[in-house]
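Reader: I'm new to this one and would like a guided tour. Could you show me what we're looking at and take my questions one by one?

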Amino acid sequence: MLWARSFLRGNGRAASALLFAAGLAFAPGPTFADEAGMTLSGAWVRSVLPSRPAAGYFTLKNDTGMDRKIVSASSSACGMLMLHLSKGDHMAMVDSVDVPAHGSVSFAPGGYHLMCMKPGEQVKPGATVQMTLTFDDGGTLTAGFPVRNAKGE
Ligand SMILES: [Cu+2]
């Protein structure tokens with residue numbers, strides 16, 4: 001079942017392809033594909049404490065013949081949503097993340113992650129929050145990220 005809304009805004013293309021499933025807020029699965037040939041799977045958010053930044057993880061597969069870059073991320077559930085890379089015991093902001101043609105990138109503990117700064121109260125285990133990735137060509141991908149606790153449960 002398709003449970004997440006996804007859409008693409010192309011260059012100068014005003015209309016968006018929109019997929020919408022009934023019961024979107026209640027369905028459990030984190031996997032779906034969008035119209036741009038980008039497939040996001042395994043999405044989740046790790047919330048350690050309500051007051052602390054929460055990390056978002058996923059795998060993104062690029063089934064197109066074009067290299068793409070994630071250039072930013074946003075969510076109404078976060079004061080700010082940043083692209084971060086963990087290195088050892090610290091992390092840094094990155095400007096973009098490559099998603100090579102016919103390749104994939106993983107956002108996972110210890111590496112790339114979305115950093116949800118000032119999470120809203122809806123960012124709590126059991127809930128699902130919408131997060132949007134923006135690509136270098138202006139396209140966007142929005143998906144529901146289930147929130148889990150520090151143990152990933
Ligand atoms: Cu971070």
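This is a predicted model: local features need pLDDT of at least 70, side-chain atom pairs count only at pLDDT 80 or more; totals for chains, interfaces and linings use all residues.

Reader: What share of the chain's residues count as buried?

Author: A residue is called buried when its relative accessible area is under 20%. The chain has 153 residues, and the part of them that counts as buried is 42%.

Reader: And what about contacts: among those between residues at least 6 apart in sequence, what share join residues at least 24 apart?

Author: Contacts here are heavy atoms within 4.5 Å. Taking those in the chain between residues at least 6 apart in sequence, the share that joins residues at least 24 apart is 63%.

Reader: There's a copper ion in there. Which residues coordinate the copper ion?

Author: Along the chain, its donors follow the spacing H-x6-M-x21-H-x1-M. The coordinating atoms sit at 2.0 to 2.3 Å, and they are ND1 of His84, SD of Met91, NE2 of His113 and SD of Met115.

Reader: What geometry does the site of the copper ion have?

Author: Four donors count as tetrahedral if all angles lie between 85 and 135 degrees. Ideal angles for four tetrahedral donors are 109.5 degrees. Around the copper ion, the 4 donor atoms make angles of 96 to 116 degrees, and the site is tetrahedral.

Reader: How many residues apart in sequence are the parts that Met91 and Met115 tie together?

Author: The copper ion is coordinated by both Met91 and Met115. Met91 belongs to strand S6 (residues 90-93) and Met115 to strand S9, so the parts this pair ties together are separated in sequence by 24 residues.

Reader: Which residues does a disulfide join?

Author: Searching the whole structure turns up 1 disulfide. Its sulfur atoms are 2.1 Å apart, and the residues joined are Cys78 and Cys116.

Reader: How many residues apart are Cys78 and Cys116?

Author: The disulfide joins Cys78 and Cys116. It links distant parts of the chain, with Cys78 in strand S5 (residues 78-87) and Cys116 in strand S9, and the separation is 38 residues.

Reader: Is the disulfide left-handed or right-handed?

Author: Both partners are out of the way: Cys78 is buried at a relative accessible area of 9%, and Cys116 is buried at 1%. The torsion about their S-S bond is about -110 degrees, so the disulfide is left-handed.

Reader: How many salt bridges does a search of the whole structure find?

Author: One of them pairs Asp63 with Lys61, whose closest N and O atoms are 2.8 Å apart. Another has the side chains of Asp98 and Lys69 meeting at 2.7 Å, N to O. The search of the whole structure finds 3.

Reader: How many residues apart in sequence are the parts that Asp137 and Arg68 tie together?

Author: The side chains of Asp137 and Arg68 meet in a salt bridge at 3.2 Å, N to O. Asp137 lies in the loop between strand S10 (128-135) and strand S11 (140-148), while Arg68 lies in strand S4 (residues 68-74), so the parts tied together are separated in sequence by 69 residues.

Reader: Last one: what is the phi of Lys118?

Author: Most residues other than glycine have a negative phi. Lys118 sits in strand S9 (residues 112-119) and, at 71% relative accessibility, counts as exposed. Its phi is a positive value, near 50 degrees.

Key
Residues are numbered from 1 along each chain as its sequence is written. Side-chain values use heavy atoms; hydrogens and water are left out. Helices (H or I, at least four residues) and strands (E, at least two) are DSSP runs, numbered from the N terminus. Buried means under 20% relative accessible area, exposed over 50%, partly exposed in between (1.4 Å probe, protein chains only). A disulfide is a pair of cysteine sulfur atoms within 2.5 Å. Donors are N, O and S atoms within 2.8 Å of the metal (3.2 Å for Na, K and Ca); water is not among the atoms, so sites may look incomplete. Four donors count as tetrahedral if all angles lie between 85 and 135 degrees; four count as square planar and six as octahedral if opposite donors are over 155 degrees apart and all others between 65 and 115; anything else is irregular. A salt bridge is a side-chain nitrogen of Lys or Arg within 4 Å of a carboxyl oxygen of Asp or Glu.
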